[in-house]
Amino acid sequence: MDALLQVIDGFSISLQPHNLWYTFIGVFMGTVIGVLPGIGPSAAMALLIPFCYDLSSTSALIMMAGIYYGAQYGGAITSVLINTPGESSSVMTAIDGYQMARKGRAGAALAISAWGSFIGGTTAIIALTIFAVPLTTAALSFGPPEYFMLMLVAMTCVFSLTGSSPAKGMLSTMIGLAIATVGTDLQSGQIRYSFGVPALQEGIDFIIVVVGVFAVGEVLSALAEKFQSTGDIIKLDGKLMLTREEWKRSAKPVARGSLIGFLVGVLPGAGATIASIVSYSVEKSNAKHPEEFGKGAIEGVAGPETANNAASTGSMVPLLTLGVPGSGSTAVLLGAFIMFGIQPGPLLFQNHPDVVWGLVNSMYVGNVMLLLLNLPLIFIFVRLLYIPKGLLFPIVLVLATIGIFAINNLEFELFLCLAFGLLGFVFRKLDIPLAPMVLAVVLGSLMEQSFRQAMTISGGSLSIFLHSMVSISLAILCVTILVFTIFKTSIRGRRAPAT
Amino acid sequence: MLQDRSIAASALAFSCLYVYATLSIPVLDNIDPVGPRVYPLILGAGFAVSSLWLFMETVFAGSQQSGQNDNRQDGRTKSEWMTVISVSAWMVAYFMALVPLGFLLSSSLFLLGLSSYFNRNRFAANAITSVLFSIGMYALFTRVLQVPLPGGLLGF
């Protein structure tokens, strides 16, 4: 009953005029970011942090979450009109969406994208509302060993599922964890890896890493490639409406996409991109005319676009209930929570019900706003495709500079950010995934803290990590994921020379 | 293939350096049974494992990809690196000028320089955007959001 009252109270917070305004700014900027290829939601959220110093934690988190799920809507516009996904999660939309646009059905493709995103997003919020409280109740019994094992599972999932090589994913994770060890050790007071640089004694702020690898790194990659991916823009004319037949064909893919998206989104490491790929495969295998896929089948747009939105909301479940993000973007959100002195996890629902339910309920409102932005007002966003990238990318670099300088007014941190930008560029060139590293940077100190606390409780015995059923189950899960990943890569490696 | 093996070797070298730096952290007698070294040493082992795993991946994948990089690819990579190094150098100059010149002047010059190269033949549009964007951001941060930015030569 208390929980129900808190949910209802959350609406009174999310419907306050200033929070409605920040929801609007968030989803508007999310759509803009989604439309612009080269800048992802992680970079956008990180760049927005300096704008949030003056805001209440609830308003700031509402706005940042709006960018995150709003970007999933915007990504479809470029996929349909220029065959270039604005976000990686819109890759599958480009296959049939662009073909629909070439046949003069761009309006229908964008309309089903918006409706699918709305239905998928809203369904996932309802599921989040229903499952959040039972999950947090279960997680309340977690102590430091269980938390350590949980973070280990999350990181193993992320590096196993992200990118083409799990070994590179693990390397990326280790680099992130190593970055998190820089600075003063909170338990012993010893300074580690600062190499005599005073600015490093406090550790490396996660914003520097995120802005560096995502914003600066993405811009450097785009500038180096001289924006090669930009193609011809298909003109959007006519109404953004679906025929009765198109609605009928889309209904089941949207329903399946909502379910697939939410379930895949909850899993750490899987996320919106994998959800859209799974949804596309399911729709193709269920289709009466699979030969139409790739030539403009509306099911190929409806399913993946619904799934990627449902997944982005689904990935908020582990973040809010357990305090463990499953992707680079949700890791940035976790960093923002921590910056405001709020630790996501089971206690969040007890200590800050206003923040968490204000945030969750703002997503209902945000999805309605996104539907309005992406149907009658879509023509405004289409204009963004005409902004010269040679002007846009330097502006992103200035925004990154402001964001980093505003933290401590230190020039050193700007150079550090550039160094991470170069690292991000090199990682992209070498096909090393960035999300595991960012996740590890954000979770690293919590993970070490849990490890040290557990070891202090046990008097230095590692057996504490196998003392409860929860931690044993998590250990088994971790080993299973690792064995499966090694098996999968070795099979793929053996097959490769034959192909 | 060769590239992945180089990454594996670099990761192994880094793990050695990281462990060496970890062992130089002084350990004091206190109630903490683990101390500041143990967790980083586990990470050092993790680096070594990921390096070995990556090496094994290259062995499993065989050598079918070796020698595929043609001259055109090498030329493109070189050109990309030249662009990245040039942009980075321009950013270093911007960072160094930020405090002495101030945000307005340094940002306007930085934007003008980059956009003149990447958005060619539109000097007037680039110049207007560079100056107006810098003024807009300076006003937003210093006047509305109360976040200080360097005033520099212009002194406001």
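Among contacts in chain B between residues at least 6 apart in sequence, 61% link residues at least 24 apart. Two residues are in contact here if their C-beta atoms, placed from the backbone, lie within 7 Å. This is a predicted model: local features need pLDDT of at least 70, side-chain atom pairs count only at pLDDT 80 or more, and totals for chains, interfaces and linings use all residues. Residues are numbered from 1 along each chain as its sequence is written, while chains are lettered from A and ligands numbered from 1 in the order in which they are written.

**Chain B**

Chain B holds 5 helices and 0 strands. Its pattern along the sequence is α-α-α-α-α. Helices (H or I, at least four residues) and strands (E, at least two) are DSSP runs, numbered from the N terminus. Chain B is split into domain 1 (1-64) and domain 2 (77-149). Such bounds come from an automatic or database domain assignment. The C-alpha centres of domain 1 and domain 2 of chain B are 39 Å apart.

An unreviewed UniProt entry places the feature "transmembrane region" at residues 37-60, 81-103 and 123-141 of chain B. UniProt positions follow the numbering used here, feature names are shortened, and annotations may be inferred rather than shown by experiment.

| Span of chain B | Distance between end C-alpha atoms | Helix | Strand |
|---|---|---|---|
| Residues 81-103 | 28 Å | 96% helix | 0% strand |
| Residues 123-141 | 27 Å | 100% helix | 0% strand |

**Chain A**

Chain A has 21 helices and 2 strands. Its C-alpha atoms fill a box of roughly 70 × 60 × 50 Å along the principal axes.

Of the 499 residues of chain A, 61% are buried. In chain B, 30% of the 156 residues are buried. Buried means that 20 or more other C-beta atoms, placed from the backbone, lie within 10 Å of the residue's own. Of the chain A contacts with a separation of 6 or more, 79% join residues 24 or more positions apart.

**Where the chains meet**

The contact takes 54 residues from chain A and 53 residues from chain B. On the chain B side, helix 1 (2-23), helix 2 (38-61), helix 3 (71-101), helix 4 (103-118) and helix 5 (123-144) each supply at least two residues. Helix 2 of chain B gives the largest share, 11 residues.

Key:
Buried ≥ 20, exposed ≤ 12 C-beta atoms within 10 Å, placed from the backbone.
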